Amino acid sequence: MARKEDDATVDAQARRQIRETADLLLRKAGAYGRFPTPVPDLVAAAELNIEMDVSLNSGFLQRLYAELGETVKRALDKVLGVLDRRGRFIYLDHAVHEKKRVFLSLHEIAHDFLPWQRDLWAFLEESEHTIDPDMREQFEREANVFASDVLFQLDAFRDEAADLPMGFDTVLKLSRRYGSSFYAAARRYAASLGQPCALVVFNQPHPPSAKCLTVRRTILSEAFRRRFGEDYWADSYGPESVFTINRPEPGNAGFRPIPIRLRNLREETEEMRLEAFDSGFQIHYLVYPPQGSMK
């Protein structure tokens with residue numbers, strides 16, 4: 001299985017605009033400082049409704065497309081959720097995990113609440129034009145950034161994490177506090193650290209006894225990129241790798257942090273810590289400095 005493409009990088013201008021719009025929705029919903037992040041109030045503030053008990057199969061989607069055309073837009077790689085702008089409804093597939101519904105709901109809100117996306121969809125609804133595939137991909141990345149900003153209340157997640165020890169215990173604690181999935185919290189955690197940090201996510205091997213692990217996605221802090229480079233991690237690791245040797249049991253937090261050494265861009269080796277967690281869906285490894293604090 002190939003490594004997933006980047007799905008959350010936008011340019012600096014879009015990043016500022018997304019942040020401003022996320023702040024607007026959080027304030028409109030009175031969501032700041034409320035835990036878990038009150039998604040129903042955010043949906044209401046966006047003047048949308050949610051239907052979660054539908055099956056987004058081909059028949060359902062064909063009926064929606066026939067009635068609404070471009071009003072319905074696809075979400076993510078699979079059709080897990082669709083947005084009906086005119087009807088003011090978000091439809092989420094009944095099979096979507098409860099924790100994933102939170103992020104997906106905010107992702108779909110973004111397509112209507114980000115003003116430049118809303119304006120373009122409105123134009124397309126009244127014309128014979130369709131959105132360019134590259135623009136659609138950009139909109140998906142912007143929606144992911146918006147969803148993460150809203151769910152983790154902009155800087156609130158980072159600031160709370162700064163006062164806690166580094167590691168997956170903190171990720172789990174904050175995921176429960178904000179009402180997110182472990183995966184969403186781990187991504188936000190790794191990306192927001194002010195120190196070199198990497199989240200390396202592996203696919204579950206098939207069969208489970210396989211001794212080779214393939215990388216699904218990597219999330220790097222800006223400090224990690226500057227020190228170790230963008231392409232530090234390979235696409236797969238064999239039986240002798242530190243990841244395979246220290247692979248935890250499914251559903252197990254694995255081991256306490258162990259020391260490892262990484263070679264930086266100046267060809268110097270640095271000591272880091274490696275921690276593992278198997279969520280049952282993917283295998284996660286967190287790499288961070290030994291001092292154990294974001295400060």
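**View 1. Strand β9 is mostly covered, with 7 of its 10 residues buried.** Buried means under 20% relative accessible area, exposed over 50% and partly exposed in between, using a 1.4 Å probe and protein chains only. Strands are DSSP runs of E with at least two residues, helices are runs of H or I with at least four, and both are numbered from the N terminus. The model is predicted: local features need pLDDT of at least 70, side-chain atom pairs count only at pLDDT 80 or more, and totals for chains, interfaces and linings use all residues. Residues are numbered from 1 along each chain as its sequence is written, and side-chain values use heavy atoms, with hydrogens and water left out.

**View 2. β9 belongs to an open sheet of 6 strands in the order β7-β6-β5-β10-β9-β8, with antiparallel pairing.** The edges are β7 (236–237) and β8 (258–263), each of which pairs on one side only. Two strands count as paired if DSSP finds at least two bridges between them. Leu213 has Tyr237 of β7 as its bridge partner.

View 3. The antiparallel strands β8 and β9 are joined by 6 bridges, and Arg261 stands opposite Glu271 in β9.

**View 4. Helix α9 (residues 182–192) lies across β5, β6, β9 and β10.** The direction of α9 is at about 55° to that of β6. Axes are lines fitted to C-alpha atoms, for helices over the stretch in contact, and angles run from 0 to 180 degrees between N-to-C directions.

**View 5. Phe168 lies in helix α8.** Phe168 counts as buried because its relative accessibility is 2%. Leaving out residues up to four places away in sequence, Phe168 touches Phe182, Leu199, Glu275, Ala276, Phe277, His284, Tyr285 and Leu286. Contact here means heavy atoms within 4.5 Å. The C-alpha atom of Phe168 is 7.8 Å from that of Ala186, which is 18 residues away along the chain.

**View 6. β3 (residues 81–84) and β4 (residues 89–93) pair in the antiparallel sense over 4 bridges.** Gly81 has Leu92 in β4 as its bridge partner. Gly81 and Leu83 point one way from β3, Val82 and Asp84 point the other way, and all are buried. The two strands form a hairpin with 4 residues between them, and Arg88 in the turn has a positive phi of about 60°.

**View 7. Leu25, Ile109 and Phe146 touch the most other members of the largest nonpolar core, which has 56 residues.** A nonpolar core is a set of buried Ala, Val, Leu, Ile, Met, Phe, Trp, Tyr and Cys residues joined through side-chain atoms within 4.5 Å. Ile109 is in contact with Leu25, Leu42, Val43, Ala46, Leu48, Ile90 and Phe146, apart from its neighbours within four places in sequence. A second, separate core has 19 residues, among them Ala198, Val200, Trp233 and Met272.
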